[in-house]
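My entries follow the order in which I checked things.

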Amino acid sequence: MQPSACIADDPLLLLVAGAKGAIGSTVAAAAHMLSEAPGEVLPSLTTCGDFDLGPCPDIRVSGWDPRSEPMSEAIKAHGVLPPELWQSLSQVLDRIPIERPPDRRMPFQEQVTHLMADIRRMQETHPGARPVFVNLLPAGPQPDQFPETPAQLYAQMDPGTFPDLAYALAAIRSGIPVVNFTPNLLALPVMVSEALGQGVPMAGRDGKTGQTYFKVVLASAFRARGLAVDGWYSVNILGNADGANLMDPERAAGKVANKTNLLDDLLGYRVGERYNRSTHQVRIDYYPPRGDAKEAWDVIDFRGLFGLPMSLRLNLQGRDSILAAPMVIDLARWVTLLKAMGRSGPMPELGLYFKVPVGENPPVTFQEQVWALERLARLCREAGGVTEEKKR
Ligand SMILES: NC(=O)c1ccc[n+]([C@@H]2O[C@H](COP(=O)([O-])OP(=O)(O)OC[C@H]3O[C@@H](n4cnc5c(N)ncnc54)[C@H](O)[C@@H]3O)[C@@H](O)[C@H]2O)c1
């Protein structure tokens with residue numbers, strides 16, 4: 001059974017923080033390509049493939065970014081897409097309304113009010129579209145406070161340091177589901193209670209696009225065969241703005257932790273225990289010649305029968321934003337459907353898409369993550385009869 005027309009047909013409106021970044025601008029191009037040349041985009045969406053959610057609706061884009069150049073210039077500057085893919089769309093892309101972010105020095109509560117007004121205007125431009133907030137801001141430092149009330153949030157978190165929190169709170173208070181593709185922690189206790197109170201699903205965090213995706217697949221395979229992982233050395237070289245930003249150790253710490261922590265949980269033991277230190281080592285290096293065409297190397301040492309050592313090498317020559325953009329569209333589809341089903345708060349079932357799935361007891365192995373999505377897709381399809389009231 002396909003989702004009923006009342007769920008599937010309304011366009012989606014992506015409200016993107018970081019709309020002119022490498023991923024944001026690729027999403028904008030992909031969203032417009034969906035109507036011009038759907039065959040170029042649909043095969044990359046899991047929601048049109050293995051976890052079929054029915055026909056993909058129109059996708060509209062709006063959002064925020066401090067970059068002043070038109071969207072087509074941003075696309076050109078990132079160099080993710082060859083000109084022949086987007087040049088014919090440049091006029092349409094340049095008409096995408098992108099707001100400037102609120103001033104960093106504006107107090108937290110005022111930022112939220114300001115962003116809620118932006119959101120209202122963006123929604124008025126696309127009446128009838130189902131909005132989703134997508135966080136594509138640069139990686140930032142990890143908070144050391146975990147506020148439980150709005151008052152604590154305003155007092156403890158500087159929106160200049162943690163700009164995503166004001167965006168996410170504005171979205172939640174506008175009743176809009178949240179996709180957090182960044183390594184930044186948004187699911188603080190206060191944000192989760194706001195989301196539950198507003199009936200808003202939250203998906204996150206840190207998109208699992210390349211190296212970590214294949215790490216989960218391989219680690220699940222090692223575990224299923226009882227092959228003991230002795231060490232896993234991972235290095236990434238990337239030359240885009242995300243890579244440059246991650247040269248700041250404070251900003252990289254969260255990303256490296258997200259890429260590192262999941263392996264022990266998945267395998268069920270501490271990799272490197274016999275050496276009294278973790279031998280799961282992850283490095284990220286900014287290397288300008290690569291641009292968005294990231295390369296990742298993995299060396300995996302493992303042991304089999306009688307503890308005899310073996311080793312595996314993996315070399316991924318990926319494209320960061322090309323891997324990420326369809327996941328963003330998929331996630332927007334999932335969270336709007338989940339909201340229509342009356343789900344709210346963190347959505348651990350979307351673990352396939354994230355390095356650190358939010359919520360309790362997320363699926364850990366690759367198989368569990370696939371099963372969780374299959375179950376979710378079935379539930380979404382069965383919920384085809386949701387009422388208009390539930391949908392908004
Ligand atoms: N590409 C991947 O494979 C991948 C995987 C997982 C996570 N991520 C994360 O996704 C995020 C986006 O990645 P990207 O490659 O597009 O980064 P990017 O640096 O190209 O884009 C970030 C954009 O945010 C804008 N920005 C900065 N401050 C802002 C503010 N206060 N309000 C609005 N916009 C603001 C910047 O101008 C820029 O255009 C990063 O956090 C990255 O770590 C990427």
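Which helices each supply at least two residues of the shell around the ligand? I looked this up in the model, which is predicted. I found α2 (22-36), α11 (241-245) and α13 (320-340). Of these, I noted α13 as the one that gives the most to the shell, with four residues.

Next I looked at the shell as a whole. I found 32 residues surrounding the ligand, and the closest are G18, G21, P101, T182 and A241. By type, I recorded 16 nonpolar, 10 polar and six charged residues in the shell.

Then I turned to the domains. The domain assignment of the protein chain gives domain 1 (5-207 + 321-391) and domain 2 (211-317). I noted that the shell around the ligand draws at least three residues from each of the two. I read 27 Å between the centres of domain 1 and domain 2, taken over C-alpha atoms. For the contact between them, I found 20 residues of domain 1 touching 22 residues of domain 2. On the domain 1 side of that contact, I recorded nine nonpolar, nine polar and two charged residues.

My last entry is on a single residue. I located G140 in the loop between β4 (130-135) and α7 (150-156). Is G140 buried or exposed? I put G140 down as buried, because 20 other C-beta atoms lie within 10 Å, and 20 or more is the cut-off for buried. Leaving out residues up to four places away in sequence, I found that G140 touches T161, F162, N184 and R251. I also checked G140 against E382: they are 242 residues apart in sequence and 39 Å apart in space, C-alpha to C-alpha.

Key:
Residues are numbered from 1 along each chain as its sequence is written. This is a predicted model: local features need pLDDT of at least 70, side-chain atom pairs count only at pLDDT 80 or more; totals for chains, interfaces and linings use all residues. A residue is near a molecule or strand if its C-beta atom, placed from the backbone, lies within 6 Å of it. Ala, Val, Leu, Ile, Met, Phe, Trp, Tyr, Cys and Pro count as nonpolar, Asp, Glu, Lys and Arg as charged, and the others, Gly among them, as polar. Domain bounds come from an automatic or database domain assignment. Two residues are in contact if their C-beta atoms, placed from the backbone, lie within 7 Å. A residue is buried if 20 or more other C-beta atoms lie within 10 Å of its own, exposed if 12 or fewer, and partly exposed in between; C-beta atoms are placed from the backbone.
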